[in-house]
Amino acid sequence: MKKNGTTVSTSIHIALKPAAAFKSVVGELKLALARNGIQFEEGTNGRVVQKEAEIGRIKTWKRDKHIVIEWRPASWEPNEVGIVELRFKPSMVGTEVVLKHRQWGRLIGEGTEIAGWFSSEIAAPFLRAMTPQTLGDWITDRKARRPSGPQSRAIYRDPLFHYPNFRVILSELALKPHDYLLEVGCGGGAMLKEALKSGCRAAAIDHSPEMVHLATHENSEAITDGRLTIYEANANKLPFADSTFTCAAMTGVLGFLSDLVDALSEIRRVLKQGGRLVALGSDPTTRGTPAAPEPMASRLHFYEDTELGDLARKAGFKEVSVVRRDMEQFAREAGVPKEALPLFAGPGGPFLLATK
Ligand SMILES: C[S@@+](CC[C@H](N)C(=O)[O-])C[C@H]1O[C@@H](n2cnc3c(N)ncnc32)[C@H](O)[C@@H]1O
């Protein structure tokens with residue numbers, strides 16, 4: 001350890017040009033810090049703020065190259081200042097991104113205390129991030145359970161292979177202009193867009209902030225017209241009054257719900273008497289296939305048709321059935337390319353149909 005303190009550093013080679021690596025890393029870092037209650041304000045006069053207290057002040061902001069932040073890690077020692085650096089260096093692969101915190105550690109002590117801090121706060125989380133459990137959870141969240149990032153935004157903006165399911169659900173719901181539809185787990189809002197063509201009103205929730213943002217952007221006209229509202233919320237606690245909606249839909253979500261009866265009861269609560277629910281189930285035969293690959297598969301709950309029906313009845317629904325539909329026609333109508341149509345051959349689903 002140097003007399004002045006300790007330097008902690010980490011780096012990674014990313015197959016992106018420096019400008020793209022800069023944009024991506026800074027954007028993702030900003031979102032990740034925000035999820036932890038820390039605001040990262042970009043630019044020459046930028047700051048890092050936690051609970052209204054300034055933790056960092058940007059001293060150098062060289063776009064695509066170098067950021068230097070003066071960092072104050074201890075509100076109880078305001079004169080204690082470290083330097084955080086983020087460098088983007090062109091490399092054989094694309095860009096080497098280096099994160100360094102210099103002059104750090106004086107507040108902790110020496111020897112055993114620095115070793116303890118480094119082991120528990122840096123080394124253990126670093127290694128934990130690369131365990132099957134944590135990595136599998138990250139990939140599952142990133143791609144489907146709570147989608148985030150540019151790839152997920154591009155997929156859920158226009159999820160071509162989900163349209164056959166959307167079509168089945170919409171044909172079962174047979175929406176009319178007087179309907180008020182709830183969609184739970186709306187992703188990028190592609191099914192909402194289709195549903196609204198019926199002239200109905202709708203509301204939707206998703207617990208992914210990025211999906212709420214995307215669905216809002218993709219349906220901005222309907223929102224401006226007062227026909228649609230979208231909230232960031234959890235399926236188990238819907239932000240709506242009892243008996244609000246005439247119908248509800250859920251697709252690609254059910255398998256992720258940790259307490260399905262609880263979530264279905266919550267949907268039932270906000271449906272009017274006679275309100276109908278159509279939800280795509282999660283079929284055990286898809287486990288490990290392209291429809292439910294690992295590491296997602298081992299994090300999904302799968303239900304046999306009879307079990308799914310029983311759970312809906314347990315949640316208080318009546319006229320419950322679980323149906324299969326020939327998906328190929330729906331896929332053709334949705335514009336799925338000819339070569340991919342065989343993926344949709346045969347009975348699809350299961351689709352849960354239920355009434356309050
Ligand atoms: C596989 S995506 C499907 C998105 C969209 N329905 C579609 O089919 O394109 C699953 C969506 O459900 C959302 N979701 C998962 N669990 C949820 C929960 N407990 N509450 C709210 N949204 C949830 C995710 O954030 C994600 O947007």
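**A helix pair and its setting**

Modeller: In this predicted model, helix α4, which covers residues 149-157, and helix α7, which covers residues 209-218, have axes that come within 11 Å and cross at roughly 40°. The crossing in which α4 passes α7 is right-handed. On the α4 side the contact is made by Arg153, Tyr156 and Arg157, and on the α7 side these residues meet Glu210, Met211, Leu214 and Glu218. Sorted by class, the residues of this contact between α4 and α7 comprise four charged and three nonpolar ones, with no polar residue among them.

Helix α9 (residues 260-270) packs on helix α10 (residues 305-314) with the axes 8 Å apart and at an angle of about 55°. Since angles of 65 to 115 are needed for a roughly perpendicular arrangement and angles under 35 degrees for a roughly parallel one, α9 and α10 are therefore likewise oblique to each other. Here, too, the handedness can be stated, for α9 passes α10 in a right-handed crossing. The residues brought together are Leu260, Val261 and Leu264 from α9, which meet Leu311, Ala312 and Lys314 from α10. By class, five residues of the contact between α9 and α10 are nonpolar and one is charged, while none is polar.

As for the setting of these helices, the chain holds eleven helices and 14 strands, and its C-alpha trace spans about 75 × 45 × 40 Å along the principal axes. The chain is divided into domain 1, with bounds 6-128, and domain 2, with bounds 152-355, and the C-alpha centres of domain 1 and domain 2 lie 40 Å apart. Of the 356 residues in the chain, 31% are buried. Among the contacts in the chain with a separation of 6 or more, 62% are accounted for by residues 24 or more positions apart.

To return to the part you asked about, the picture is of α4 and α7 crossing at roughly 40°, with Arg153, Tyr156 and Arg157 of α4 meeting Glu210, Met211, Leu214 and Glu218 of α7.

Key. Residues numbered from 1 in each chain as written. Predicted model: local features only at pLDDT ≥ 70, side-chain atom pairs only at ≥ 80, totals over all residues. Axes fitted to C-alpha atoms, helices over the stretch in contact; angles between N-to-C directions. Helix = DSSP H or I, 4+ residues; strand = E, 2+ residues; numbered from the N terminus. Left-handed = near helix turned anticlockwise from the far one by under 90°. Contact = placed C-beta atoms within 7 Å. Nonpolar A, V, L, I, M, F, W, Y, C, P; charged D, E, K, R; others polar. Buried ≥ 20, exposed ≤ 12 C-beta atoms within 10 Å, placed from the backbone. Parallel < 35°, antiparallel > 145°, perpendicular 65-115°, else oblique. Domains from an automatic or database assignment.
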